[in-house]
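Dear colleague,

I am handing over the structure that we spoke about, and below it you will find my notes on what turned up in it. Please read them with the model open beside you.

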Amino acid sequence: MSRRRVVITGLGPVSAHGLGIEPLWQALCEGRSALAPIRTFDARGFRAASGGELPDAFDVKDLVPKSYRKATKVMARDIEIAVGGALHAVTDAGLKTRGTDPDNPPTIAPDRFGCHIGAGLIAADLDELTAALATSRDANGKFDPAHWGQQGMQELTPLWLLKYLPNMLACHVTIIHDCQGPSNTITCNEASSGLSLAESQRVIERGAADACLSGGADSKINPMAYLRQELAGRLALCTVDEDATKKVKPFDPSSPGALVGEGGGILVLEAEETAKARGARIHAALSGTGASQSWCDDTVGLVPDASGESLADAIEAALRDAGVKPAEVDAIVPYGCGVPAIDSLEANALARVFGDALSAKPIVTLSPSIGATVAGFGTIAVSVAVKCLTEQRLPARLNSASTGRLAAAAAPSEARALRHILVCTPSLGGQNSAVVVSRFA
Amino acid sequence: MTTKSNNRRVVVTGMGWVTPLGHDIDLVWKRLLNSESGMGWTTRFDARTFPTNFSAEVRDYSIDRFVKDARVHATAGLNSQFALGAACQAWKQAGLDGHAALNKKRVGLYLGAGEGVLDFDQYAAANLAGWNAEQRKVDGVPWADTAHKVLEKMCEVEQEPNMPLAHLAREFGIRGPALNCLTACAASTQAIGEAFSLIQRGDADVMISGGTHTMIHVLGVTGFNRLTALSTSKADPTKASRPFDATRDGFVMGEGSGMIVLESLEHALARGAKPLAEVGGYGSSADAFRITDIHPEGRGGAASMHVALAQAGIDPLARRADGRAAIDYISAHGTGTKENDSIETRGVKRVFGDNAKDIPMSSIKSMMGHLIAAAGAVEFITCVLAIRDGMLPPTINYGTPDPALDLDYVPNKARASKVDICLSNSFGFGGQNDTLVVKRFA
């Protein structure tokens, strides 16, 4: 029995360039960067004062059905990204759901509609939490647990915890669109989105669902989450007066590090047969996925497996799964965050898989334009790969000069014949994910 | 293009747990069958004035007894520590310790591990240092200034929910697919189900799966107290968790880890490993109903049970040749909240019809508390042990029947019973439902 093929019918990426693929694609092709001083909080006390925040125009309240507006009060930023991305993707796919068209029967039966979303470790909103903590201070100004237990905690809204459980991204998305099929939340840092897409692929393949809302979302634009990125060695030194748009240089050893960006979003994945049966416009095929775990000398994988062997294993597994030979891969979208040690391990992995042919494979780099998007990365990268395939075009590359074996140096956008594109990433923690996206014909 | 086989049989070859009742499979099992409670006053933080000041804590535990070299896990948070102890037991029982022929690239991990524990005192200190009372917000610069001084790098890194994966990968040299899912109270049931699916698909031959979690910390208890999900029966912690009883008033937080080794049957037999049980089926669904409430008819739970049973080839409404109901035991989600227990009962009746009253269903949360993300894994292990020994663990503290809850909850005392097929349910906040079918290996 041949397995069910999985196709991509809806795109809903969310990035510092806004909601949807169009503003992102346009900015990438024009070589514009959205990295700028952080507005949400005063980030001058951190190594990097700049990052890739969503534009102010992104407001989830404008996106959700009217009946759901009240629920936006219990959405952390990460949840907003997933919810906004899902609404966009569903519309792009031409799907009627409870959220987009409550008066008509849904295109996908609810029990055949799944949802898999990658999420980060969501940090609590500090203003809200600290307003409550501040009511429980002892004479020295220190937190007083006795007062907190008795009284202070009442300052928090009863639903407070539900803003920060990682599975609340999928919770809101499944409620809005009435997805009652298999649902999951993957939390593997940078690999989260790619592993979620892979899980949707498996679920559709084994017939447990016909379509899935799949992707990931992450916002590190919160002082605590931001500090964790800094402590993990992810942030470039970048003062508020420096030009952040020129800072990140993926695969260039002179890169000072990464800047983080909010984002992610949702894609609609469908079984090819059911997508065709409903006459859907098919953007591309999700033809293969692979995963692996790195050996980490430091255990936690701040920089996992410098040799790149394990990431190469994941890439090779994805190529095998897709039935695609390395020679048929025409472009690569790696994480390429601009932290030299992580870039170098990615370069090593790619060299293992592609050998001498690597220097001829164009590398699409996203981080100078939107920052390192952590758990949201794979969703944005796959969206961009899909757009590359449908437009038969590569976006511009920014900032990098000397990139060794990798064709990752600054270059303008160009037309290009593209069949298969590889998206891959390692992660803090050592999980690797690879996804092959193929032109649909 | 190669065609993947989706029907490889998957068996359990190793199990381990670290729980409030102990850190050894048989010892804890004995205590469960003796109706013992692992509850006590909370000691992990000063909870004296909290609405819920009791919990089921893991006691007298250290990874030193389990791991090869504790130094490589020196910064591990509690979640990873619990996971290491449980996984080392499972790995050893599976006979994988020192199994030289094992291809580590065909060994994977799929965990349902929770987030780590905040360095709360330091975190609170930074927040208060940054607090601007006039503007009612935290100022970034003073916050960062204090945070840089008081928060430690590794303590922060170790809070990422994928860190138990990293520690287990390091301990066992695992190089295959590795994933963590975090779907609240359903996480480790889901992890086992997905690990099973990965082996079926041929993506790995062996997987360590299970969960690990503790939320016995200031903000964990705060969060659940604000949701009014926790029992506040302070008179006697050992009597506080009362699943299916009419006087139940919420769950009691537990902590710990359950881990199993799953393996394709062919791989297990080829190396002479002894299957302890077989995974028969897995179902996952979303309520897609409300943020806080479960669907009143138990729609989502019924859906996940139906899918798992169908995959196992079991008709829930039929009876077996010897007259027994379709299955022998249900390890309930059974949290002890008003809503969960009544809706779970309704969901089971919806699925099993007239068979439901003949299928014993108990909640070990009455004894070891609710291990949140790890709950499903320890309950799965309980099913395997029930099959092994023909014993059903009880639901303790069952005193006042609830007229609406009329199933056989195995009240208060363990019971001998012929057990060949079990079902294990986990339902998470946010409407996540997962079900596993566990069968005697034959």
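In H3(B), the residues Gln122(B), Ala125(B), Ala126(B), Asn127(B), Ala129(B) and Gly130(B) meet Pro142(B), Trp143(B), Thr146(B), Ala147(B) and Val150(B) of H4(B), where contact means that C-beta atoms, placed from the backbone, lie within 7 Å, and where helices (H or I, at least four residues) and strands (E, at least two) are DSSP runs numbered from the N terminus. By class this contact has seven nonpolar, four polar and no charged residues, with Ala, Val, Leu, Ile, Met, Phe, Trp, Tyr, Cys and Pro counted as nonpolar, Asp, Glu, Lys and Arg as charged, and the others, Gly among them, as polar.

Please bear in mind that this is a predicted model, in which local features need pLDDT of at least 70 and side-chain atom pairs count only at pLDDT 80 or more, while totals for chains, interfaces and linings use all residues. Residues are numbered from 1 along each chain as its sequence is written, and chains are lettered from A and ligands numbered from 1 in the order in which they are written.

As for the geometry of that pair, the axes of H3 (residues 120-130) and H4 (residues 140-150) of chain B come within 7 Å and cross at roughly 155°, the axes being lines fitted to C-alpha atoms, for helices over the stretch in contact, and the angles running from 0 to 180 degrees between N-to-C directions.

Between the chains, the contact takes 84 residues from chain B and 80 residues from chain A, and the side of chain B that touches chain A has 38 nonpolar, 26 polar and 20 charged residues.

In chain A, nine of the nine residues of helix H8 (residues 223-231) are buried, so this helix is largely enclosed by the rest of the structure; a residue is buried if 20 or more other C-beta atoms, placed from the backbone, lie within 10 Å of its own. The buried residues of H8(A) pack against helix H4 (126-133) of chain A together with strand S6 (137-138), H4 and helix H5 (153-157) of chain B. Just after H8(A), Gly233(A) takes a positive phi of about 80°.

With best regards

Technical notes. Two residues are in contact if their C-beta atoms, placed from the backbone, lie within 7 Å. A residue is buried if 20 or more other C-beta atoms lie within 10 Å of its own, exposed if 12 or fewer, and partly exposed in between; C-beta atoms are placed from the backbone.
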